[in-house]
Amino acid sequence: MPIIPDQPSELILTESRTMRAQTIERTDVLDKVKALALLPDGTHATTEIVAGYYEVDAEVIKKTVQRHREELTENGLRVLRGEELNAFVGDNLSLSPNARKIRNLSLFSRRAILNVGQLLTESDIARQVRTYLLEVEEQAAPEVRSEAADLVALAESRMRVLKAAAGIVDAAWLETKARLVAARALGEEPEVDPLDAPLYVPDFLRGKGLNRRDIESVQSWFGRRAASLYEAEHGEKPGKRQSDLPNGSVRETYAWTQRHKPFFEETWDRYYAAQFPTQLDLGGAA
């Protein structure tokens with residue numbers, strides 16, 4: 001089951017690139033939380049130093065870099081190779097016993113180190129860094145505080161609804177929905193795997209060229225047939241979610257995501273392609 005934090009504001013900071021950019025200059029927070037050691041140049045840290053600061057394994061830092069390399073690079077992450085590497089090692093790591101074995105070296109600026117703390121969820125030190133950053137936001141100009149408060153309040157209300165649904169609806173869908181709410185509340189594109197994005201039967205049928213009347217006629221049985229195909233392969237039906245209907249009522253439906261699209265395509269080919277043979281052609285002609 002996904003963990004939906006009691007404090008959505010921290011989720012907003014870890015999930016929102018806009019919020020991270022808004023506080024990225026406050027590198028002084030790092031020293032307020034814990035003494036930060038740097039290389040002899042007084043400017044950079046290695047992966048191992050960053051891992052030591054956040055009290056996590058170096059592999060955790062490497063995975064964070066893999067997931068957010070573009071953002072971290074914008075904030076000062078560099079990878080040295082060749083002559084540039086040799087010169088830097090000579091000036092800063094010449095006493096290291098493994099200096100001659102280094103083939104490439106990731107260097108984190110103070111901004112990049114802070115950026116890691118904004119993203120890292122496995123570290124108590126990173127959580128403290130984010131707490132300080134949120135306190136900095138509280139001390140911002142009144143108009144900025146007001147806007148940020150509105151965003152947080154909106155996210156909090158939606159997160160409370162999602163938290164109440166834990167154990168009732170599909171766990172994977174619920175976690176993805178929480179990420180979507182956090183990001184879209186800030187006007188951003190959500191940072192989720194495209195395959196985890198929700199997939200809706202009406203949207204799929206619309207993509208096949210069906211009109212509104214045909215969609216309303218087909219969608220219920222389409223979902224049941226797709227679920228039967230899924231059950232035949234996995235031994236169980238897909239998870240459920242709550243869906244709002246056009247008439248204002250709420251109905252429990254299957255929690256389909258883009259990962260399930262092959263089952264939709266198979267359902268379409270088996271049961272509906274022959275029934276609506278001209279839909280796509282007509283759509284293309286239009």
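Modeller: Helices are DSSP runs of at least four residues, numbered from the N terminus. With that numbering, A45 is found in the loop between helix 3 and helix 4. Please bear in mind that this is a predicted model.

Biologist: What makes A45 buried or exposed?

Modeller: Buried means under 20% relative accessible area. A45 has a relative accessible area of 0%, so A45 is buried. Not counting residues up to four places away in sequence, A45 touches A37, L38, L39, V50, S106, L107, F108 and I113. One of these, S106, is 61 residues from A45 in sequence, while the two C-alpha atoms are 8.4 Å apart in space.

Biologist: Why is the contact between K34 and E55 called a salt bridge?

Modeller: The criterion is a side-chain nitrogen of Lys or Arg within 4 Å of a carboxyl oxygen of Asp or Glu. The N to O distance for K34 and E55 is 3.1 Å, so the pair qualifies as a salt bridge. K34 lies in the loop between helix 3 and helix 4 and E55 in the loop between helix 4 and helix 5, so the bridge ties together parts that are 21 residues apart in sequence. K34 has a relative accessible area of 22% and is therefore partly exposed, whereas E55, at 55%, counts as exposed.

Biologist: How do you know that the charged end of K34 sits over the ring of Y53?

Modeller: A charge over a ring requires NZ of Lys or CZ of Arg within 6 Å of the ring centre and within 35 degrees of the ring normal. The charged end of K34 is 5.6 Å from the centre of the Y53 ring and is assigned as sitting over it. R225 likewise lies over the face of Y271, at 4.5 Å from the ring centre.

Biologist: The structure holds twelve aromatic pairs. Why is the pair Y53 and Y54 called edge-to-face?

Modeller: Ring centres must lie within 6.5 Å, and planes over 60 degrees apart count as edge-to-face. The centres of Y53 and Y54 are 4.8 Å apart and their planes stand at 90 degrees, so this pair is edge-to-face. Both residues are buried. Elsewhere, one aromatic cluster includes F204, W256, W268 and Y271.

Biologist: Which residues touch the most other members of the largest nonpolar core?

Modeller: They are Y54, I61, F108 and V129, in a core of 28 residues. The elements giving two or more residues to this core are helix 3 (28-33), helix 4 (47-54), helix 5 (58-67), helix 8 (110-119) and helix 9 (124-138). V129 touches V29, L30, V33, Y53, Y54 and L114, not counting residues up to four places away in sequence. Apart from this core lies another, of 19 residues, with L205, I215, V218 and W256 among them.

Biologist: How many salt bridges does the rule give?

Modeller: The count comes to 16. R17, R20, E71 and E74 are linked in a network of such bridges.

Note on methods:
Residues numbered from 1 in each chain as written. Predicted model: local features only at pLDDT ≥ 70, side-chain atom pairs only at ≥ 80, totals over all residues. Heavy atoms only, no water. Phe/Tyr/Trp six-rings, centres within 6.5 Å; stacked < 30°, edge-to-face > 60°. Buried < 20%, exposed > 50% of the residue type's maximum accessible area, 1.4 Å probe, protein only. Core = buried A, V, L, I, M, F, W, Y, C linked by side-chain atoms within 4.5 Å. Contact = heavy atoms within 4.5 Å.
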